[in-house]
Amino acid sequence: MKEKFQEQIKRVAEKLSEEDNILIVSHHDADGITACAIMVDLLHKLGKDVEFRVIKQLDSININKVKNSDRTVVFTDMGSGQLDMLMEHRDKIGNFYVIDHHPPAGRYDMQVNPHFFGYDGGRDVSGAGLAYFVAKALGHKEMAHLAIVGAVGDMQDSDGRLHSLNRIILDDGIKQGTMKVKHDLRLFGRQSRALPRMLMYASDPVLPGLVGNEASSVSFLEDLGIDLRRESGELKSYVDLTIDERRELTSALYILLLDAGTPEYIIQGMIGEVYTLLKERKRTELRDAKEFATLLNSCGRQEVPEVGVKVCLGDRDKGWKNAKDTLQHYRKKLREGLEFLSTLKKKEMENFYYFDAEGRIEESIIGVIAGMGYGARKFPPDKPVLALADDRDNPDMLKVSSRANRDLVRKGIHLGRAMNENSQLVGGEGGGHDIAAGARIPRERRDEFLALVDKMFKKQLSR
Ligand SMILES: [Mn+2]
């Protein structure tokens with residue numbers, strides 16, 4: 001790591017270690033939940049009194065939950081983009097720290113943010129990773145595995161592997177014996193899903209002919225001579241297969257996709273690094289970083305992020321059961337969302353696709369549905385997707401979720417900037433990463449907003 005950044009982290013960490021009565025405020029996705037857990041763990045170990053709050057976003061409404069807390073506030077995985085607002089309310093918030101990887105709105109003495117040191121916050125390190133580096137600066141490296149779950153949750157491995165600062169964290173985990181990295185098939189559910197289900201529900205990429213079809217998934221596997229059941233009679237997961245069977249299955253999937261005309265780079269994305277948490281039980285969601293992240297995302301999106309934090313901190317009892325129930329429920333909603341998507345007519349602007357689900361898809365999962373729309377080829381990969389849904393708390397507002405892919409980002413697309421600048425122009429707010437971002441805008445100014453975004457994408461692509 002660059003020395004200057006390390007110094008800054010150490011400075012903030014040491015100052016933080018002198019505080020007590022701390023309130024951690026974090027984002028409700030997998031990265032924010034793991035960041036929160038890493039900080040809670042650290043501060044407990046330092047003997048501090050600590051509370052935490054995990055929220056959907058830090059905006060003009062939620063800021064009120066942070067005011068007058070009489071505690072030192074530590075923002076993780078959020079805060080950098082809202083620095084102006086935090087400064088504005090400084091007298092009510094009191095003493096605060098920001099540990100965040102989103103593009104910063106400005107400089108602040110007690111801020112840890114990789115952008116100032118030439119790192120890419122979208123790829124090199126996540127919010128959880130930064131929380132980990134703060135903990136590491138104070139001698140605590142036990143939570144490296146959680147920082148990897150956070151990075152994977154933020155899709156920082158989307159080109160097949162983790163990079164840069166994430167790599168340092170991964171190496172720490174490997175040295176400690178908590179992590180293992182392998183080159184393997186990256187389909188979701190390698191640990192926790194029965195093999196036919198892993199194939200039929202795969203979304204990245206979707207498997208032509210197998211998607212949604214249990215019978216054809218079963219016969220596909222049987223044709224390869226793969227036994228579907230373990231000796232105990234239970235259905236096998238991918239991780240139960242022998243090396244030869246894995247190789248056989250991978251090449252069969254490769255051929256299946258090639259035959260269906262899937263672009264080479266999408267197929268290659270199916271194979272890459274997978275991160276195993278060695279201290280977790282085999283065939284559970286917690287054993288695989290991507291599945292762990294999905295579990296946490298479902299807790300966050302269904303407004304029980306504290307359950308996710310508990311599981312991160314080691315609860316394998318009530319909290320763990322609770323988290324699994326939440327995931328089941330979340331999957332059901334996703335299936336319904338996907339069904340909706342399949343009946344939907346997509347709309348098209350010059351530089352993006354969009355659809356307005358109104359009240360038919362909950363705003364909490366609209367972004368995921370938009371992302372899956374790519375995987376299911378509902379939207380060709382040549383333009384970003386904007387998905388709109390009613391705001392749950394305010395009928396006059398509209399929630400916008402946008403998704404792109406690596407290719408589009410390479411060509412110049414930056415969704416975070418487009419959401420941030422254009423939402424403000426129509427009296428809303430927004431922001432995020434180059435590849436995934438969101439906004440809240442007044443519904444009546446929807447078309448104006450879409451036209452502004454269209455114009456900005458055009459500009460981004462022409463650079
Ligand atoms: Mn994040």
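Predicted model: local features only at pLDDT ≥ 70, side-chain atom pairs only at ≥ 80, totals over all residues.

1. How many bridges join strand β10 (residues 385-390) to β11, and do they run parallel or antiparallel? Six bridges link the two strands, and they run antiparallel.

2. Alanine 389 has lysine 399 of β11 as its bridge partner, while aspartate 390 stands opposite leucine 398 in β11. On to the next strand: lysine 399 has arginine 440 in β13 as its bridge partner. Strand β13 (residues 436-442) pairs with β11 over seven bridges, in the antiparallel sense.

3. These strands belong to an open sheet of six, in the order β8-β9-β10-β11-β13-β12, with mixed pairing. At its edges are β8 (347-348) and β12 (429-432), each of which pairs on one side only. Helix α19 (residues 446-462) packs on the sheet and touches β9 (353-356), β10, β11 and β13. The direction of α19 makes about 160° with that of β10.

4. Is strand β11 (residues 397-403) enclosed or open? Seven of its seven residues are buried, so β11 is largely enclosed by the rest of the structure. Both faces are covered: Met397, Lys399, Ser401 and Arg403 are buried on one side, and Leu398, Val400 and Ser402 are buried on the other.

5. Asparagine 405 lies in the loop between β11 and α17 (406-410). Is asparagine 405 buried or exposed? With a relative accessible area of 16%, asparagine 405 counts as buried, because the cut-off is under 20%. Leaving aside residues up to four places away in sequence, asparagine 405 touches Tyr374, Pro381 and Ile435.

6. Now for the nonpolar packing. In soluble globular proteins, nonpolar side chains tend to be buried together. The largest nonpolar core here has 120 residues, and Phe355, Leu386 and Phe449 touch the most other members. Helix α2 (residues 30-45) supplies the largest share of this core, ten residues. Phenylalanine 355 has among its contacts Phe340, Leu341, Leu344, Ile366, Phe379 and Leu386, not counting residues up to four places away in sequence. There is also a second, separate core of 21 residues, which includes Leu207, Leu221, Leu256 and Ile267.

7. The other sheet I would point you to is open and has five strands, in the order β2-β1-β3-β4-β5, with parallel pairing. At the edges stand β2 (50-55) and β5 (111-112), each with a single partner strand, so one side of each is left without a neighbour in the sheet. Strand β1 (residues 22-27) and β2 run parallel and are joined by six bridges; isoleucine 22 stands opposite valine 50 in β2. Helix α2 packs on this sheet, where it touches β1, β2, β3 (72-76) and β4 (96-99), and its direction makes about 160° with that of β1.

8. Which protein residues are donors of the manganese ion? They are Asp31 (OD), Asp77 (OD), His101 (NE2) and Asp154 (OD), lying 2.2 to 2.4 Å from the ion. Along the chain, the donors follow the spacing D-x45-D-x23-H-x52-D. Aspartate 31 lies in helix α2 and aspartate 154 in the loop between α7 (144-153) and α8 (164-176), so this pair ties together parts that are 123 residues apart in sequence. Both aspartate 31 and aspartate 154 are buried.

9. A word on helix α7, since it comes up in the previous point. Nine of the ten residues of α7 are buried, leaving the helix mostly covered. The buried ones include His145, Leu146, Ile148, Val149 and Val152. Methionine 155, which follows α7, has a positive phi, near 60°.

10. Finally, the overall layout. The chain is divided into domain 1 (3-177), domain 2 (185-334) and domain 3 (344-462). The C-alpha centres of domain 1 and domain 3 are 27 Å apart, and the contact takes 13 residues from domain 1 and nine residues from domain 3.

Note on methods
Residues numbered from 1 in each chain as written. Heavy atoms only, no water. Core = buried A, V, L, I, M, F, W, Y, C linked by side-chain atoms within 4.5 Å. Buried < 20%, exposed > 50% of the residue type's maximum accessible area, 1.4 Å probe, protein only. Helix = DSSP H or I, 4+ residues; strand = E, 2+ residues; numbered from the N terminus. Contact = heavy atoms within 4.5 Å. Donors = N, O, S within 2.8 Å, 3.2 Å for Na, K, Ca; no water. Pairing = 2+ DSSP bridges. Axes fitted to C-alpha atoms, helices over the stretch in contact; angles between N-to-C directions. Domains from an automatic or database assignment.
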